[in-house]
Amino acid sequence: MTDADQPRLTDADGTESGPSLAPLMGATYVVAGIAHFLAPKRFAEAVPPAFPRPVGLVYLSGIAEILLGIGVAIPRTRRPSAWGIVALLVAVFPANVHLARSDTMDDLVPDRLVGAARLAAWIRLPFQGVLIGWALRYADSDEEAAPTTEAATAETAAPEA
């Protein structure tokens with residue numbers, strides 16, 4: 001695939017902003033979703049105690065991450081999948097807050113890494129906004145509806161009837 005074949009984002013002013021990072025976003029969510037199945041009990045420790053069936057919620061969020069990650073990588077399903085990622089990020093925010101505020105890190109990482117892990121948990125809270133912003137870029141984008149170079153060329157070359 002050449003650079004000309006890469007899907008591109010169009011900014012509000014109509015200028016192209018380079019190749020789409022949606023496939024990268026998708027792969028990131030797929031990998032994160034798979035991790036939920038590799039260490040479900042570790043992820044369940046981040047679920048606030050008020051929530052029922054933490055391991056079940058971990059599996060559910062893992063499935064959602066995998067499906068939405070695949071969906072956002074595909075142009076045809078990108079927009080609804082991006083909205084799904086926004087909803088998922090909002091839904092898991094209480095777990096991120098719980099992880100940052102509790103002593104859960106003491107049980108999840110080696111003693112020498114607890115301080116760094118706690119700092120990372122606090123940094124993740126505002127970073128969640130960055131992730132939501134990234135997903136919104138595709139949720140509000142007309143990227144999948146933008147004509148390809150070939151289609152635009154064929155359209156302008158076709159005689160009017």
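Predicted model: local features only at pLDDT ≥ 70, side-chain atom pairs only at ≥ 80, totals over all residues.

Residues are numbered from 1 along each chain as its sequence is written, and side-chain values use heavy atoms, with hydrogens and water left out.

**Whole chain.** Switch to cartoon: you'll see seven helices and two strands (DSSP runs of H or I, at least four residues, and of E, at least two, numbered from the N terminus). The order along the sequence is β-β-α-α-α-α-α-α-α. Of the 161 residues, 32% are buried, meaning under 20% relative accessible area with a 1.4 Å probe, protein chains only; over 50% is exposed, and in between is partly exposed.

**Surface patch.** Now select F37, Y59, I63 and L67, a nonpolar surface patch with about 370 Å² of accessible area together. Patch members have over 30% relative accessible area and no salt bridge, with nonpolar side chains joined within 5 Å; a salt bridge puts a Lys or Arg side-chain nitrogen within 4 Å of an Asp or Glu carboxyl oxygen. Colour helix α3 (residues 54-73), which gives the most to this patch, three residues.

**Ring pair.** How are their planes arranged? There is one aromatic pair by the rule used (centres within 6.5 Å). The ring centres of F37 and Y59 are 5.2 Å apart and the planes at 25 degrees, so they are stacked (under 30 degrees; over 60 is edge-to-face, the rest tilted). F37 sits in helix α1 (residues 22-38) and Y59 in helix α3, so the pair ties together parts 22 residues apart in sequence. F37 is partly exposed at 37% relative accessibility, and Y59 is partly exposed at 33%.

How values were computed:
Patch = residues over 30% accessible without salt bridge, like charges linked within 9 Å, V, L, I, M, F, W, Y side chains within 5 Å. Areas by Shrake-Rupley, 256 points an atom, 1.4 Å probe, with all protein chains shown as cover. Phe/Tyr/Trp six-rings, centres within 6.5 Å; stacked < 30°, edge-to-face > 60°.
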